[in-house]
Amino acid sequence: MTRQVLRLAAYGLCIVDGRMLLARYVSPDGKQRHWTLPGGKVEHGEDPFDAVVREVAEETGYAVEVERLLGIDSRNRHADWVGPFGGELHSVGVFYAITIIGGSLRNERGGSTDLAAWIPITEVEQLERTVVIDIARNMDRNRPATGHVEPVAVGGLLRH
């Protein structure tokens, strides 16, 4: 029997003066690193709205407020880490536009990211990055009334 896992996450898109706030993900074994939006797992009983505020603070040091909902992304894929033989992962991402209201930039310690930085938007496409960055940018540019955009293909510099 194939194991099935649902992962609910909330992400914050923050763009200021042509730069995007990003965090660098580090795999549990420390072998993989790539850029992602600040955000992550919504804890049991937590509202995604509250989760994005908490996650951004943990990963970047900034206090933020949510401006608006950008949209929701849902995707399915096989994941080797789900069960002894892998399994099916259903990822649901809730994306918000956020504004910094306090704090100062710092790196997370002992978490899933090791670096927080302001990256010029013109350089983002050249980064090894998670697909969530491209999804959020697409939602922000197109502002779909339904909150849904077409899936972004993973490959090249794009990771899950």
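The model is predicted, so to speak of local features we need pLDDT of at least 70, and side-chain atom pairs count only at pLDDT 80 or more, while totals for chains, interfaces and linings use all residues. Residues are numbered from 1 along each chain as its sequence is written, and side-chain values use heavy atoms, with hydrogens and water left out.

The chain has three helices and ten strands. Both are DSSP runs, numbered from the N terminus: helices are H or I with at least four residues, strands are E with at least two. From the N terminus the order is β-β-β-β-β-α-β-β-β-α-β-α-β. The radius of gyration is 15 Å, close to the 15 Å that the globule rule gives for 160 residues, so the chain is as compact as a globular protein of that length. That radius is taken over C-alpha atoms, and the rule is 2.2 Å times the number of residues to the power 0.38.

Of the 160 residues, 45% count as buried, meaning under 20% relative accessible area with a 1.4 Å probe, protein chains only.

Now the strands. Two of them pair if DSSP finds at least two bridges between them. Strand E7 (residues 87-103) runs parallel to E1 (residues 3-13), with eleven bridges; arginine 3 stands opposite glycine 87 there. E7 also pairs with E6 (residues 62-79), antiparallel, over 16 bridges. In that pairing, alanine 63 has glycine 102 as its partner.

What about E3 (residues 19-26)? E3 pairs antiparallel with E2 (residues 15-16) over two bridges, and the two form a hairpin with two residues between them. Aspartate 17, in that turn, has a positive phi of about 50 degrees. E3 is also antiparallel to E4 (residues 33-36), with four bridges, and in their hairpin six residues lie between the strands. Seven bridges join E3 to E8 (residues 113-120), again antiparallel.

Last, the second largest pocket. A pocket is an open set of points on a 1 Å grid over the protein atoms alone, where a 1.4 Å probe fits, with protein on both sides within 12 Å along at least five of seven lines; lining residues have an atom within 4 Å of a point. Which element gives the most to this lining? E1 does, with four residues. The lining includes Val5, Lys41 and Trp81.

Conventions:
Buried < 20%, exposed > 50% of the residue type's maximum accessible area, 1.4 Å probe, protein only.
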